[in-house]
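Work through the exercises below with the sequence and the model open. Each task is followed by a solution in steps.

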Amino acid sequence: MKILLTGANGYIGLRLLPALLEKGHEVICCVRDKNRISLDPETSKRVTLYEVDFLKEVDTFGFPKDIDAAYYLIHSMSASTRDFDELEAKAAKNFNKYVEESDVQHVVYLSGIVNEDNLSKHLSSRKKVEEILYEGSYNLTVLRAGIVVGSGSSSFEIIRDLCEKLPVMVAPKWLKIKIQPIAIRDVIIFLSEVLGNKNCYNQSFDIGGPDILTYKQMLLKYAKVRKLRLWIISVPVMSPRLSSYWLYFVTSTTYKLAVNLVDSMRHEVVARDNKLQDILNIQPITYEEAIKKAFIKIEQNLVISSWKDSLVAGRLSNLKGYIQVPKYGCLKDEQSINLDNPERALENVWSIGGSKGWYYGNWLWKVRGFMDQLVGGVGLRRGRTHANKISAGDSLDFWRVLYADKEEKRLLLFAEMKVPGEAWLDFCIDENNVLHQTATFRPKGLFGRLYWYAMLPFHYFIFKGMITNIARN
């Protein structure tokens, strides 16, 4: 089958793509920016990339018409705390317009379990999208999932952060709410197996694992699998705002996502039945098995995708506009050093950030990250998805990877921290085995220039020490 995969560079999309290719399908990946989808060279040869922004005015010129089926995996929950529901509705309506002239017969949409009349804004938005998609000129199958557990998923990483960082937790009363988690491997199996199955046309199915747990039980089971000691003290009240700040400062989530997650956590998320399991003959794995499998991937450095690699800075909706580092009106710190071992230096550049750190003054980077977090920035909590692999679009602490070409020996980063201007960090090894490291800052107004000059004393030691250690480590 010829399949249109929207949200192809998202957490689910990057996991689903290899499963579809393995089944022999021809896949067209719909992305907003071709430069920020991370595909290995072999996969790139087997897929077609099509750029489209479903939030912009519909332009069907060049849109593929000969598609048999499509996956709708577009979500906007992390984009805003106020209008993400409007964005999701607009994207769904535009999707219908795009495919109405195509041959698509079947669309599969991954939504959230909705089993209460009083829904959170997040789940209410998912339900609204369902209604819009049901108006399309195709057969629709909706899969509704609760918490998805897998390496790199937002839910798993939040649970991991909480349990690994806090041996004692003072937790809000919503930890008693029941949910039904499902392993990412099972979500992918459901998504791929339901495709083209006429028994599933124009129906909505809840999917979940075999365990129905409270959030507290999920945390305790995680601690058990990881052999951690964990004490949880429940308090009768904790406001949504306070809970959001709690998640924001302890875990790697953004504040916008924390607000929307806490809003959803106050509602029970349990599957109504297991009907789809019987239709497809699928038996999901347990929550504890899902945790163990996630850590196998983490320990083998085989994490395919992470929620943290989704764009969080609205100005970066298109990476191409930032790849050309400006030359005029900018302030720069330029360092260079001759390399005795250029291969080792290149590996050091490709391993920068995350648990490896920044090679010099890591405590200063942590302070800068904490300051950024205090003013609503991303801080250093995102880390990196892979220990020594980098692709355009990846998050790297409070940077975003704009360009990464190991053969060309160049890595270009753009700052997503809160700064009064725009900042780039460029690493390049030339043909003479000289490492060039350039920090470029385009200030915004007088305050931007004052910020740069105030940071000059730190820049002198940090950037000099960083390039020296990259060359020598």
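**Exercise 1: helix α7**

The model is predicted: local features need pLDDT of at least 70, side-chain atom pairs count only at pLDDT 80 or more, and totals for chains, interfaces and linings use all residues. Residues are numbered from 1 along each chain as its sequence is written, and side-chain values use heavy atoms, with hydrogens and water left out.

Task: find which residues of helix α7 are buried.

Solution. 
- Locate the helix: α7 covers residues 215-225. Helices (H or I, at least four residues) and strands (E, at least two) are DSSP runs, numbered from the N terminus.
- Apply the cut-offs: buried means under 20% relative accessible area, exposed over 50%, partly exposed in between (1.4 Å probe, protein chains only).
- Tyr215, Met218, Leu219, Tyr222, Ala223 and Val225 are buried. These residues lie on the same side of α7, because they cover an arc of only 165 degrees around the axis. The arc is that of the directions from the helix axis to the C-beta atoms.

**Exercise 2: the surroundings of Glu130**

Task: state where Glu130 lies and which side chains make polar contacts with it.

Solution. 
- Glu130 is placed in helix α4 (residues 121-134).
- Its relative accessible area is 3%, so Glu130 is buried.
- The Glu130 side chain has a polar contact of 3.3 Å with that of Ser111 and one of 2.8 Å with that of Arg144. A polar contact is a pair of N or O atoms within 3.5 Å; within protein, one must be able to donate a hydrogen and the other to accept it, and residues adjacent in sequence count only if both atoms are side-chain atoms.
- Arg144 and Glu130 also form a salt bridge, with the closest N and O atoms 2.8 Å apart. A salt bridge is a side-chain nitrogen of Lys or Arg within 4 Å of a carboxyl oxygen of Asp or Glu.
- Arg144 is in strand β6 (residues 139-145) and Glu130 in helix α4, so the pair ties together parts 14 residues apart in sequence.

**Exercise 3: Glu416 and Arg400**

Task: is Glu416 buried or exposed, and where does its salt-bridge partner lie?

Solution. 
- The side chains of Glu416 and Arg400 meet in a salt bridge of 3.2 Å, N to O.
- Glu416 is in the loop between β17 (410-415) and β18 (421-429), while Arg400 is in strand β16 (residues 399-405), 16 residues apart.
- Glu416 counts as buried because its relative accessibility is 7%. Arg400, at 0%, is buried.
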